[in-house]
Amino acid sequence: MDVLAKFTFEKLNAGLKNGANPIDNSHGVWTAIGLWMAERQIEPEVGVNLLQHAALKVGRAYLQQKRSLASFDFSDLLQRLHAALHAPNSRLPQIVREQFPVAMVDEFQDTDPWQYESLSRIYSSSNWVSQEKISEVHLEPETASAFLMIGDPKQAIYSFRGADLPTYLNARHAAESIWTLTENFRSSQEMVNAVNHLFEKAQNPFGEVPFERVHTPTPAKAESLVLANGQKLPALTVWHLACDKPLSGAQYGEDMAQICATQMVMLLNQGITQPGRMAVLVRDGQEAKKIRHALAQRSVRSVYLSDRDSVYATREALDLACILEAVIQARNAKLLRAALTTRTLCLSLPEIEQVFRAEEAWDIWVERFNAWHHTWQRQGFLPMLYKMVHEQDIGRRMQAEGDTAERRLTNLLHLGELLQSASLQLQGESALLRFLTDQLADPLAQGESAQMRLETDAELVQVITFHKAKGLQYPLVFLPFVSNFREDKDDSLRTAEERLQEDIRLLYVAFTRAQQAIWIGVAKRQGDFKSKETQAQSALSVLLRRQSADDLQEKLQAWAVCDDIQVIDAPDANVQLYEPSKSVNVEAATAARTPSRVLPNAGWTASFSSLTRKMSEFKWQAADSGLAREERWLDSQIDNPVVNANELLWAETSLFAKTEQPQFNHFPAGSAYGTLLHDIFEWQLKEGWPLLKSESDLAPDVKIRWQGWWQTQADSLKLLPQDQTLCLQLIRQCAATQFTQLGSDQHCFSLSQLNAQNAWPEMGFTFKTHGVSTLHIDQLIRTSLHANKARPALQSQQLNGLLTGFMDIVFEHQGRYYVLDYKSNKLPDYSQDSITSSMLSHRYDVQYTLYILAVHRLLKSRLKDYNYEQHMGGAIYLYLRGIDQAGQGCYANKPSFELINALDEAFKFNQQSIASEVLA
C-alpha cells in the first residue's frame, strides 16, 4: 500500500523538478489510483474483527467436531473439571478434599490458570463450611487439609506449553506461608559459589522473584574436578572469543563448536574424565548438529537426547522407499538400479559397476529382490526387512562407512517397525508403499510414534537441549553457544521483555545442571544491541549488565573476581583426535560352567496337522500359527498329498482301470481345490444357501456378491468352464441331499437346514496339553475305535503347551451336537470300507476324537444338565466326491464316553510318568 501511494497523480506531480513537463494523465491511471487510495482510507478496518470472527467460528467448529467424535483432549479435562468445581452449590470440592486432604503439587511454576483455580477451589479455606454452620445443620466437621505448592519460578521455561508464570506468582502472594530450600545437594561448593556470583551480580534477573544465595551440605555431595597433579580446575571457565566486529550466528556457532570440541578432546586424552560424564547443552537441533559434527571430526562419539525429528524425514526413509519399489517390481531395471545405488544397501562403487556391467551379477540381484518380495508376501514386511539386513550384512557395512552407523541402522529398524504396524491395516504391498510415500511428503503426520529413537545407550558424550536437561544433572557441562539468542516473530504472543525473561530462566537451568565444572563460550553477537539502544537482546548480556556492543570484555571482569570463575581468551581449535585408553582385563579366564540339569522343552502350540506330520522332515512346532485358514490349508495338504508323476500314473491305472470313475472325481484334486470347496460351503451357509434358490427368490445384493466372489475364486485357480459347472453341481447336490444314516441315531438331515442359529462354522478351540504324550493318545484311540484295523502310528512327541484346532462346522440337530468335516479326498470308490480305510490312513480318527473332546468340554461348561450320551451326536465326515454314490460318501461315528473321559483326564494332568511307561 505504501508503495502504491507514491503513484497517485498528486504525488507524481509534487515530485517533479522545476520546469519539468507535467505528468500525462490522459489514460486516467494515476487519478484512479488516487481515488482508490482515498476510498481505502475511509473504509473501516475489518482485519482484526475478521480474525476474531474466524477464531470464534473455528473454535466452535472444533468443539462441535470433538462432540461428534465423542473425544476430548487434555485441555478439555482441565476446563471441565474447572467448570464442575465452580458450578453453583457444587459438592465436588468437598468430596475431593475429603478423599485427598493433602495435595502436594510439584513443578508448580509450570502450572496454568485452569489448574490453579481448580486447586484453589478445592483447598481454599474460604470454601470451607464454618463451625457455626456445621452446628446449625448437623454436618460432619471439615477434615483438616493442606495445599502445598512446590516449585522454582527461576525454572519456569515452558510457556510454549501453556505454563503461566504470573499464575505462580499470584499463588505465591496468596500463600499463607513460604519456605525456601537453600541447600544444593547436586553440585560441589565451588560450583555453587560460581552460580551464586553470576546471578547475584545481575540486576533483578528474575523480576519480582528474588534470587537467594544457596549453599551445599557439609560435606558437599560432589567434589571439584582435579587434574592428575592434584590441581583443581575452576568450577566455571569462560572462553571469550575476541573479535573486532560482532559475529554472525553461523560464524559464532562454527568457531565455538570447534573450540569446545578441541577442549573436550584435551580433557579426555589427559584421562581427566570419560565421554559419558560430559554433556553439551544446546538450544535446538541446529546447535546440536554443529557440536556433534565437530566432535565426530575428532573421533568423539556423541548422542543427541532431544531429537524430535521424524524418522520419515531421514535419508533412510527415502532409501527404503526406493528399495521397496524395486522389491515389488524387481524386473524393472530403472527401479532396481535406483535401489542398488542407495546409501542404505551400502554397495561400493566397484560393486555397483560390476552389477551394471555383468549380466550374471544383475540376474543374481533380480532373484534376490524377488526372494525378498516372496518373503514379504508370505511372512510380512518386517521379516523381509530383517532378511535383507542380515543377507546384505548392512550393519557391518554401515560401520565400515563411518561413525553414523548406529544412527542409520536405528532409523532403518524403526522404519521397519512402523511400516509393519501400518501393514496390518493396509491391503497389499503397493498400499504400504503408498503409505510410506505419503509419510515422506508429510513426515510429521504420525506424531510421536515417528520421532527418531535414541540410537545407543553407550557411555557417549550427551548432547541435550536446555528444556530436556531440566531436572537432570551431569558431572561436566559445556555451553558453547550461550551468547546465542532468538527474537520472537512479529505474530508472537509474547512481548520482547517476556522472551528475554524466559531466556534468563533457561540460562539458570543450564548453569545449574553441572555437578563439578562448566565451560561456556561467549562472544559479541550481531543484533545483540540494536542501533542507538542500550537494551541487550541476549540473556547473557543482561546477566552481565551490558550497555553496548563493545563492553563485553569489561563486563566479564565482574565475573572474574570470583575465585571459582576463570575468564580466559578462547583457546585455538585443533584437529587432535580422541585416543581412548585401552582397558586391560586383568581377570583370569575361567572355564565355562556345565549345566547340572536338563530343562524341559519350551512350550509350543500343536494341532492335528502337526501330530500327523513327520516331525523329522517338517518343523511344524514353529509353523503352527493358530489361524483357521492356515489350519484348513494344512488339512487340505493331508487330504490331497502331492505325489510324483510315476506314483500318480501307477495310482490312476491301478485304482481306476477296472471301474468307472465316480462323476465328481473328474473335478481337479489338490490342496487349493480342497480349500476352495471348504470356502464355498462356509460362504453358502452364512448367506442362507443361495445356490439352492431360484433366480427370482434370490436377493439382488446376494446374487451380485456371490457372482463376484465365485468368479474371483474360479479365476484365481484358472478353473475351466466344465470344472466350474461340475463344482457348483457338487455343492448343490451336497447341500440338498438328505443324509439318512448318522451312526446309530437315525436322524435325517441336510446341509441346507444349517443356518446361523444352529451351526457354527470354523469354530476354534485351544486347551492346555500338560505334557501328554502322543503315544498315550494314540494308544487310547486305537483301543477304542476300529480296534482290529491297521493305521499309521502317531509320531512320538511330548505335547508341552497348547493344542489348537478349527472344526469345519459344529451344529445342533434335534437336541444333539455334531462335528461335521468336509473331505475332498479322491477315492476309487466311496463304499464304507474305502471311506473307513481312508479315515484311518490319514488318522482322521484322531482328528474327530479331539474335536469331540473339545465340544464335550464346551458343552459341559455351557449346558446345565449336560449328558454325553444324550447331548453328543458324534462326528460326521463327508467325502464330497462320493455324494452321488451308495452311502452318500458319509462316515459317522460317536466315540464312547469312556474314550472321551480318558482323553479329558489325560490332558488335565502332567503325563510325564505315563509317557515314560508308554515309551518303555
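Predicted model: local features only at pLDDT ≥ 70, side-chain atom pairs only at ≥ 80, totals over all residues.

Biologist: What makes Glu-905 and Lys-908 a salt bridge?

Modeller: The closest N and O atoms of Glu-905 and Lys-908 are 3.6 Å apart, and a salt bridge asks for a side-chain nitrogen of Lys or Arg within 4 Å of a carboxyl oxygen of Asp or Glu, so the pair qualifies. Both residues lie in helix 36, three residues apart, which is about one turn of the helix.

Biologist: Why is Asp-904 called buried?

Modeller: Asp-904 has a relative accessibility of 1%, and buried means under 20%, so Asp-904 counts as buried. Its side chain meets that of Arg-857 in a salt bridge, at 2.7 Å from N to O, and this pair links distant parts of the chain, with Arg-857 in helix 34 and Asp-904 in helix 36, 47 residues apart.

Biologist: How do you know that helix 15 and helix 16 are roughly perpendicular?

Modeller: They pack at an angle of about 100 degrees, with their axes 5 Å apart, and angles from 65 to 115 degrees count as roughly perpendicular, so helix 15 and helix 16 are given that description. Among the residues making the contact are Phe-356 of helix 15 and Trp-362 of helix 16, and the residues of this contact divide into five nonpolar, one polar and two charged.

Key:
Residues numbered from 1 in each chain as written. Heavy atoms only, no water. Axes fitted to C-alpha atoms, helices over the stretch in contact; angles between N-to-C directions. Helix = DSSP H or I, 4+ residues; strand = E, 2+ residues; numbered from the N terminus. Parallel < 35°, antiparallel > 145°, perpendicular 65-115°, else oblique. Contact = heavy atoms within 4.5 Å. Nonpolar A, V, L, I, M, F, W, Y, C, P; charged D, E, K, R; others polar. Buried < 20%, exposed > 50% of the residue type's maximum accessible area, 1.4 Å probe, protein only.
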